[in-house]
Amino acid sequence: MEPVAGLSALAAVALLLLLLSVHRWRNPRCNGRLPPGSMGLPLVGETFQFFSPDASFDIPRFIRDRLTRYGPIFKTSVVGHPVVVSADEELNHMVFQQEGELFQSWYPDSFVEILGRDNVGEQNRTMFKYLKNVVLRYFGPESLKESILRDVQRAVCSSLCTWSTLPAVELKEAVSTMVFELSASKLLGLEPSRSKVLRKSFFDFVRGLISFPLYLPGTAYYACMQGRMSAMEVLQQVLEERTRSAEAAGGGEARCHGDFLDYVVQEITKEKPVLTEGMALDLLFVLLFASFHTTSLAITLAVKLLTDNPRVLEELMVEHETILNQREAGGESDGDRVTWKEYKSMTFTSQMRMHHVSQVINETVRLANIAPGIFRKTLKDVQFRGYTIPAGWGVMVCPLAVHLNPDIYPDPLTFNPSRFKVDTTRWR
């Protein structure tokens with residue numbers, strides 16, 4: 001009987017410890033009142049629900065269901081980490097305003113593996129500013145004015161000419177290819193023939209980007225990681241070739257290709273470099289991904305929305321025709337090229353009013369769900385509306401939930417660019 005009693009006691013202790021662990025998981029320590037919500041299952045949390053596919057324009061079901069149940073701020077657990085999700089416009093604004101003071105850039109480990117351990121989002125505040133300055137040296141206003149605007153127009157005109165000869169065009173793929181080739185050229189100086197292999201790797205990467213992080217053959221996450229590894233191999237080869245070329249030409253100061261890679265090579269070949277090769281590769285990877293994926297998505301959606309809304313398309317054409325008429329009347333034509341002055345007249349103005357183009361762009365981006373979630377981590381306990389977000393917790397800002405909030409944007413799933421005509425303060 002004694003062995004049986006001993007086993008029963010051991011089982012009781014094990015059960016007690018298990019129940020205690022579950023209780024602690026579901027009720028995390030907090031020096032205050034946590035937002036409402038559920039931490040889900042121990043260790044797993046609500047990861048499965050978070051990564052469940054949702055291809056609609058609407059707020060993802062995971063967010064939508066919890067907004068209905070808990071309100072605009074709720075707690076959850078994703079891939080083993082406690083997270084507060086915010087669909088509150090004021091809290092979202094606070095997160096970005098207090099960057100470096102109360103919050104810092106952060107992503108769950110599975111996202112870090114996808115974007116790279118040395119990606120810009122994982123750097124400290126000083127390094128982040130340094131990398132930002134490196135990028136702006138090439139992609140700043142002067143570069144936009146002098147070369148990027150010209151190169152974008154050339155790429156679009158060339159693609160339109162090619163598409164016009166085809167019986168049909170799969171728009172999303174065609175636009176993605178056009179934008180990727182332009183991005184690869186501006187960033188790496190690659191010709192379309194060489195960027196083709198890199199493009200396939202990135203397309204594989206994107207398809208599994210938002211998927212459950214299970215690294216097994218046949219899963220979307222596995223395909224995503226394989227795409228990343230293939231892309232990184234190409235990027236490393238290109239970087240090594242350019243570095244050798246720069247050294248042979250007399251050191252890292254030789255910049256003769258006119259692309260962003262020139263600046264990267266100059267930084268990593270300095271006598272005391274701040275930028276490591278690993279950071280450079282992850283920076284190039286993230287810039288390629290961000291430039292082609294988000295842009296191609298927005299362009300494709302804009303074409304569909306304009307096609308479905310002929311009245312808006314007509315207004316847009318009137319604005320463009322006005323620019324053409326002014327060009328002819330003023331005699332300031334630069335051939336068929338869009339000038340910087342014309343570009344600014346489409347999207348920016350010194351008066352507090354919006355032109356048709358910027359209304360269309362803003363409304364398209366509002367609906368596009370380009371960034372479904374932006375992650376940060378608290379540096380200290382954060383107090384907001386009676387809730388406490390503990391230090392070390394993740395915060396997921398959900399722009400889409402704000403963009404589709406009917407209290408802010410009436411009839412939010414309707415494409416209505418005129419909603420931005422008067423009130424510009426809502427667009428942040």
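The following dialogue treats the reading of several features in a predicted model.

Reader: What conventions apply to this predicted model?

Author: Residues are numbered from 1 along each chain as its sequence is written, and side-chain values use heavy atoms, with hydrogens and water left out. In this predicted model, local features need pLDDT of at least 70 and side-chain atom pairs count only at pLDDT 80 or more, while totals for chains, interfaces and linings use all residues.

Reader: How many helices and strands does the chain have, and what percentage of its residues count as buried?

Author: Helices (H or I, at least four residues) and strands (E, at least two) are DSSP runs, numbered from the N terminus. The chain has 16 helices and 7 strands. Buried means under 20% relative accessible area, exposed means over 50%, and partly exposed lies in between (1.4 Å probe, protein chains only). Of the 428 residues, 43% count as buried. A contact is a pair of heavy atoms within 4.5 Å; among contacts between residues at least 6 apart in sequence, 66% join residues at least 24 apart.

Reader: Which residues have the most contacts inside the largest nonpolar core?

Author: In soluble globular proteins, nonpolar side chains tend to be buried together. A nonpolar core is a set of buried Ala, Val, Leu, Ile, Met, Phe, Trp, Tyr and Cys residues joined through side-chain atoms within 4.5 Å. Here the largest one has 49 residues, and Leu 188, Leu 198 and Phe 260 have the most contacts inside it. Elements that give two or more residues to this core include helix H6 (125-139), helix H8 (171-188), helix H11 (260-268) and helix H12 (277-308). Another core, of 45 residues, lies apart from it, and among its members are Val 83, Ile 389, Trp 393 and Val 397.

Reader: With which residues is Phe 260 in contact?

Author: Leaving aside neighbours within four places in sequence, Phe 260 is in contact with Val 134, Val 135, Tyr 138, Phe 139, Lys 186, Leu 187, Leu 283, Leu 284 and Leu 287.

Reader: Why is strand E4 described as largely enclosed by the rest of the structure?

Author: Strand E4 (residues 374-378) is largely enclosed because 4 of its 5 residues are buried. Two strands pair if DSSP finds at least two bridges between them. Strand E3 (residues 103-105) is joined to E4 by 3 bridges, and the two run antiparallel. E4 is also joined to strand E7 (residues 394-397), by 4 bridges and again antiparallel. Arg 376 in E4 stands opposite Ser 105 and opposite Val 395 in E7.

Reader: How many salt bridges does a search of the whole structure find?

Author: Side chains of opposite charge can pair when their charged atoms come close. A salt bridge is a side-chain nitrogen of Lys or Arg within 4 Å of a carboxyl oxygen of Asp or Glu. The search finds 21 salt bridges. One of them joins the side chains of Lys 200 and Asp 204 (3.1 Å, N to O); both residues lie in helix H9, 4 residues apart, about one turn of the helix. Lys 200 is exposed, at 55% relative accessibility, and Asp 204 is partly exposed, at 23%.

Reader: Are Arg 228 and Asp 282 buried or exposed?

Author: Both Arg 228 and Asp 282 are buried. They form a salt bridge whose closest N and O atoms are 2.9 Å apart. Arg 228 lies in helix H10 and Asp 282 in helix H12, so the pair ties together parts that are 54 residues apart in sequence.

Reader: Where is Asp 88 found?

Author: Asp 88 is found in the loop between strand E2 (81-86) and helix H4 (89-97). At 8% relative accessibility, Asp 88 counts as buried. The C-alpha atoms of Asp 88 and Cys 398 are separated by 8.3 Å, although these residues are 310 residues apart along the chain. Beyond neighbours within four places in sequence, the contacts of Asp 88 are Pro 72, Ile 73, Phe 384, Arg 385 and Val 402.

Reader: What are the contacts of Asn 92?

Author: Asn 92, in helix H4, is buried at 7% relative accessibility. Setting aside neighbours within four places in sequence, Asn 92 is in contact with Ser 86, Ala 87, Val 397, Cys 398 and Val 402.
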